[in-house]
Amino acid sequence: MSVIRSAITGTGAYLPEQVVTNADLAELVETTDEWIRERTGIRRRHKARDDQPTSDLAVEAARRALEAAGRTADEVDLIVVATTTPDMTFPATASIVQRKLGAGVGIAFDVQAVCSGFVYALSVADGFVARGLSKCALVIGAEEMTRLMDWTDRSTCVLFGDGAGAVVLEPREGQGTKADTGMLGFALRCDGTKTDLLYVDGGPATTGTVGHLRMAGNQVFRHAVINIAEAVTAAAEAAGIEVSEVDWFVPHQANQRIIKGVGDRLGLDEDKVILTVADHANTSAASIPLALDVALRDGRIKPGDLVLMEAMGGGLTWGACAIRM
Ligand code: UT7
């Protein structure tokens, strides 16, 4: 049976120039490079300039993704930006990205699922592409998590960073089998009873302020390891594949110990896991497309490879998707 799949035809990434090391943070709060590395795997993170909004990071990543796909901005008919740190309350950052990119009138909106945002956004865009409503879509994860930090809270401010990653999605005809190129299956989850484990204590309709990120790290950690593994299994089932067939795992980069815990539960080969958390820290919705771009450009992920992405974040949201490159 002939089906239309949405395929990733190009990726791009952008990290702001300023690098903040663990040693830099040890001057701000009572922490050490050793503690941060041992508990999280993080060594450094990037930080946007004050005059560099999220849309600027998104546009740079999008330009690189379009170039890799051999497409131009005027061909883009759908832009979905996954972000928790929009330039403004409205318009959507996707609208601003459309203007800055010089893309024509089309569909553009943001998806807010925090660290799971990219997996959510990819699944949403897949619906448009697979239904023939988009011929050239940009799915972007772009975040400036450093804007949400309480720089006196050592339990959170050492964990996050800024960055953006983008993919171009285009329709490809398939046979409706797991050998097809493109999105094969996904599983998305949200448990709204756990909003108090990870949230920002501000917003336009409550405090009227931006607020700061608050997290019960330890409980989020436990939830992540258990539930991500379930979503990965469900996404693999939706795709008609076994987890053992996957060539590469591109996990959300929050904590190396979470990634290892999920891998152990699933019986994954560590050599198949793409890790960027040491250099990027947790860039929320940007972390998966950033990691994907690194592994495609360094030649580890190749055309035809089966890739499984997974994430978990505020909401609590979590999810996974399987894509053949
Ligand atoms: O993107 C998805 C959302 N986020 C996550 O997935 C993050 C999930 N959570 C985590 O990654 C981990 O829970 C953390 C890295 C946040 C914390 O690691 P942990 O092993 O769970 O440590 P803990 O929270 O149990 O804290 C252990 C100790 C505490 O001291 P006491 O109470 O045992 O004396 C903390 O106060 O470590 C202390 N601590 C620190 N010490 C030095 C917390 N933060 C720091 C710090 N430096 N930066």
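Helices here are DSSP runs of H or I with at least four residues, strands are runs of E with at least two, and both are numbered from the N terminus. The model is predicted, so local features need pLDDT of at least 70 and side-chain atom pairs count only at pLDDT 80 or more, while totals for chains, interfaces and linings use all residues. Residues are numbered from 1 along each chain as its sequence is written, and side-chain values use heavy atoms, with hydrogens and water left out.

Let's start with the largest pocket, which has a volume of about 770 Å³. It has 32 lining residues, and Thr 84, Thr 85, Pro 86, Leu 148 and Val 210 are the closest to its centre. A pocket is an open set of points on a 1 Å grid over the protein atoms alone, where a 1.4 Å probe fits, with protein on both sides within 12 Å along at least five of seven lines; lining residues have an atom within 4 Å of a point. Strand β9 (residues 198–200) gives the largest share of this lining, 3 residues.

Now for the second largest pocket, with about 580 Å³ of space. Leu 159, Met 215, Gly 217, Phe 221 and Asn 255 are the closest to its centre among 28 lining residues. At least two lining residues come from each of α2 (33–40), α7 (217–239), α8 (256–266) and β12 (306–313), and α7 gives the most, with 7.

Where does this second largest pocket lie? Domain 1 (3–174) and domain 2 (182–324) both give residues to its lining, so it lies between them; the domain bounds come from an automatic or database domain assignment.

Conventions:
Points joined across faces, edges and corners; volume = space filled by probe spheres on them.
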